[in-house]
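This report describes selected packing features of one protein model. The sequence and structure are shown first.

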Amino acid sequence: MIPRYDPTFHFRDLTTALRLSADEGANDALCARLRQLYGVKHVFLFNSARMALFALLKAYGRPGGVLMPAYTCIVVPEAVQCAGYRPVFADIDPCTLNVNAENLEKQWTPDMTVVLATHLMGIPCDVDSVMSFGRAHGLLVIEDAAPAVGAEIHGRLAGTIGDASIISFQATKVISSEDGGALLTNSDELAERVRPLLSAGGSPSNRWVLFLKAIARKLVLRPTVYALAQRAYRLLRRESMYDVVTPEVSDPATFLKQCSPFTSALVTVQLARLEKNLERRRCVAEIYEAGIPGNPAIRVPERVKDSKPAWIQFPILVKDKGHFYRYMQEHGIDMSWTYKYSCADSFGQAGYPESQAAAKAVLGLPTYPSLTDEQARRICAVAARYVEPASA
Ligand SMILES: *Cc1c(COP(=O)(O)O)cnc(C)c1O
């Protein structure tokens with residue numbers, strides 16, 4: 001079984017991180033490395049990207065509407081709401097699976113203060129059009145580059161274009177850890193206001209707990225163990241094709257948590273391999289881009305010209321998601337279900353037909369660095385033989 005993802009750390013990275021996190025300097029080292037990589041003035045580490053977003057909004061201090069795509073990770077509107085702002089959704093363009101200027105414009109009202117430019121699945125969005133929309137209406141532009149570490153658009157790194165941005169080191173992202181995220185900005189004013197929030201944040205997770213969790217994750221994702229785990233999991237619960245997710249309400253007073261030095265050390269060791277990591281993902285994506293569109297039953301979204309995605313997965317669209325999923329599973333290929341919901345549904349807002357349609361049609365092919373060219377070609381070959389059911 002080819003798993004849907006594989007954490008990018010090796011076992012020896014975990015022992016190195018354990019050693020490096022024994023002293024206090026691990027967080028400072030990662031901050032310095034990220035400032036250098038992004039050429040940005042201020043970097044703040046948190047326990048997750050959603051916390052970085054929360055801190056950013058708190059620091060900005062202009063509660064109002066935050067405009068974002070309806071097809072995105074649910075933790076984003078959750079963090080927005082927790083920070084005392086109001087999530088406002090724009091429907092996506094079915095061609096790109098991301099927002100366009102027209103859909104943003106349609107949702108604009110004068111009480112809006114922030115707009116998010118979301119690089120969904122590590123694929124750069126048309127950030128320039130979001131920037132001009134934001135500038136025209138006096139909004140703070142935050143890049144949600146959580147899954148897009150290393151992605152480029154017109155030669156610029158995703159996360160360096162907006163007024164501020166967030167990145168994530170969660171297990172399924174470009175660089176995996178057990179948790180961790182960062183806030184990047186060139187604004188001294190925002191930075192001054194984030195600093196006290198960060199020092200008031202809760203203490204980080206225990207490094208031994210993170211170490212053991214990471215080992216367990218790596219073990220479960222060994223192909224043989226994974227096949228068994230998958231089978232057991234499916235006996236216990238059926239995977240649904242489409243969900244209306246109930247948002248989690250967190251307590252704003254205890255929402256922020258600092259980043260563990262173990263996580264910082266684990267990310268820092270892996271940043272040394274970032275180019276290789278991205279190169280592997282892009283190589284696999286090229287194989288898919290050449291092989292997948294051969295089957296008219298499978299659609300590949302368009303992307304912005306002159307962009308280099310970071311590909312945390314390779315999204316495809318099919319008419320009958322459950323049918324295609326079972327077909328691929330029967331051939332030993334697992335795929336990601338991210339995202340099987342529209343966030344607008346979760347926040348009780350009717351409409352957003354394109355976001356709902358995407359949630360019902362999108363599956364993610366694996367792109368992690370340990371996936372071989374040969375495995376990617378096998379995935380293409382199996383997908384090429386797929387026939388959609390007559391009733392769909
Ligand atoms: C993963 C992800 C997030 C959340 O990152 P965390 O570190 O898990 O909080 C936010 N936005 C997008 C687009 C993501 O893919």
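## Crossing of H3 and H4

Helices H3 and H4 form a right-handed crossing. In this predicted model, H3 spans residues 49–60 and H4 spans residues 75–82. Their axes come within 9 Å and cross at roughly 30 degrees.

On the H3 side, the contact is made by Arg50, Leu53, Phe54 and Leu57. Helix H4 contributes Val75, Val76, Ala79, Val80 and Cys82. Sorted by class, the contact of H3 with H4 comprises eight nonpolar residues, one charged residue and no polar residues.

Aspartate 13 lies in helix H1, which covers residues 11–20. Its relative accessibility is 4%, so aspartate 13 counts as buried, the cut-off being under 20%.

When residues up to four places away in sequence are not counted, aspartate 13 touches Thr8, Leu266, Val269, Gln270 and Arg273.

## Buried residues of H14

Helix H14 runs over residues 353–361, and its residues Ser355, Ala358, Ala359 and Ala361 are buried.

Terms used
Residues numbered from 1 in each chain as written. Predicted model: local features only at pLDDT ≥ 70, side-chain atom pairs only at ≥ 80, totals over all residues. Heavy atoms only, no water. Helix = DSSP H or I, 4+ residues; strand = E, 2+ residues; numbered from the N terminus. Buried < 20%, exposed > 50% of the residue type's maximum accessible area, 1.4 Å probe, protein only. Contact = heavy atoms within 4.5 Å. Axes fitted to C-alpha atoms, helices over the stretch in contact; angles between N-to-C directions. Left-handed = near helix turned anticlockwise from the far one by under 90°. Nonpolar A, V, L, I, M, F, W, Y, C, P; charged D, E, K, R; others polar.
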